[in-house]
Amino acid sequence: MISPITSPSELKNLPTENLIILDARTGKEVKQSYLEKHIKGARFVDLDKDLAEIGEDAAFGGRHPLPSIEKFAETLSDLGIAENSHIIVYDDKNASNAAARAWWMLRSFGLEKVQVLDGGMQAAEKSGLEFSSGEEIFDKVSLIKREQWLLPVSTLEIVENELENDSSTVVDVRDAYRYKGESEPIDLVAGHIPGAINIPFSENLDENGNFLSPEILKEKYSRLLEGKAEHLIIHCGSGVTACHTILALDYAGFPIPDLYVGSWSEWSRREGKEIGKEL
């Protein structure tokens with residue numbers, strides 16, 4: 001299995017055969033931003049439309065539920081992604097948004113040659129990678145058939161049961177002020193899942209916004225998780241940024257933990273669920 005992280009310099013030297021670059025930036029007018037400027041050859045992937053299937057009630061599934069495996073297979077076909085594709089994903093937020101989520105979904109779909117570009121678009125620009133504008137022209141490919149997601153996921157009920165039995169360590173990767181309940185910029189209620197611990201995803205990065213080395217990440221998480229239940233469940237606000245920490249753990253050589261997709265956006269909206277705060 002290849003490293004889940006690659007650098008702009010490594011991307012420069014990759015053979016172009018079977019190489020697919022995905023632009024997974026998010027934000028307002030993001031498609032327009034893509035059309036104005038993107039890494040040459042990159043294909044646009046939309047968090048809300050391609051990497052999630054947003055329902056009517058976030059109390060059941062959260063703000064970014066996974067699409068069905070069949071729908072994601074169609075998305076991959078539309079993007080020209082085949083079984084033998086080597087996929088590089090980038091965003092402009094150090095993989096904290098959709099790049100890591102795309103990596104997780106592609107790996108969970110069963111594709112093995114998937115990497116996130118360290119430092120994202122900013123690092124690509126600094127390194128002198130070639131950029132382009134407008135739409136990219138490429139062909140669709142045959143649909144890949146899959147029966148289910150392959151990486152482990154947890155539901156709200158599983159998280160609740162695991163916490164009650166002290167059989168898992170639930171890690172909330174949101175910023176500390178959100179975990180503590182000081183304020184909540186996105187969801188309706190501030191606080192955290194009682195029993196969850198807080199290890200902000202930002203601590204996976206160095207001062208330049210690049211991932212810490214696998215060795216440093218290994219030491220860091222071994223220390224932070226020492227004495228705690230070995231089985232890990234990772235969550236965030238809506239199951240997107242949690243993938244950043246799952247990516248970091250995989251990079252460090254840990255087993256890939258469970259993703260609680262619904263995350264705080266589901267838990268905090270579900271009637272009767274206790275809210276933890278540290279004020």
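I take angles under 35 degrees as roughly parallel, over 145 as roughly antiparallel, 65 to 115 as roughly perpendicular and the rest as oblique. The model is predicted, so I note that local features need pLDDT of at least 70, side-chain atom pairs count only at pLDDT 80 or more, and totals for chains, interfaces and linings use all residues. Residues are numbered from 1 along each chain as its sequence is written, and side-chain values use heavy atoms, with hydrogens and water left out.

**Helix 10 and its neighbours**

I looked up helix 9 (residues 214-224) against helix 10 first. Their packing angle is about 110° and their axes are 8 Å apart (axes are lines fitted to C-alpha atoms, for helices over the stretch in contact, and angles run from 0 to 180 degrees between N-to-C directions). The two are therefore roughly perpendicular. Pro214, Leu217 and Tyr221 of helix 9 touch Thr245, Ala248, Leu249 and Tyr251 of helix 10 (contact means heavy atoms within 4.5 Å).

Next I checked helix 5 (residues 98-108) with helix 10 (residues 242-251). They pack at about 65°, axes 8 Å apart. Ala100, Arg101, Trp103, Trp104 and Arg107 of helix 5 meet Cys243, His244, Ile246, Leu247 and Asp250 of helix 10.

**Strand 9**

I then turned to strand 9 (residues 169-172). Thr169 and Val171 point one way, Val170 and Asp172 the other, and all are buried (under 20% relative accessible area, 1.4 Å probe, protein chains only). Strand 9 pairs with strand 11 (residues 232-235) in the parallel sense over four bridges (pairing takes at least two DSSP bridges). I found Thr169 opposite Leu232 there. Strand 10 (residues 197-198) also runs parallel to strand 9, joined by two bridges. Ile197 is the bridge partner of Val171.

Key:
Buried < 20%, exposed > 50% of the residue type's maximum accessible area, 1.4 Å probe, protein only.
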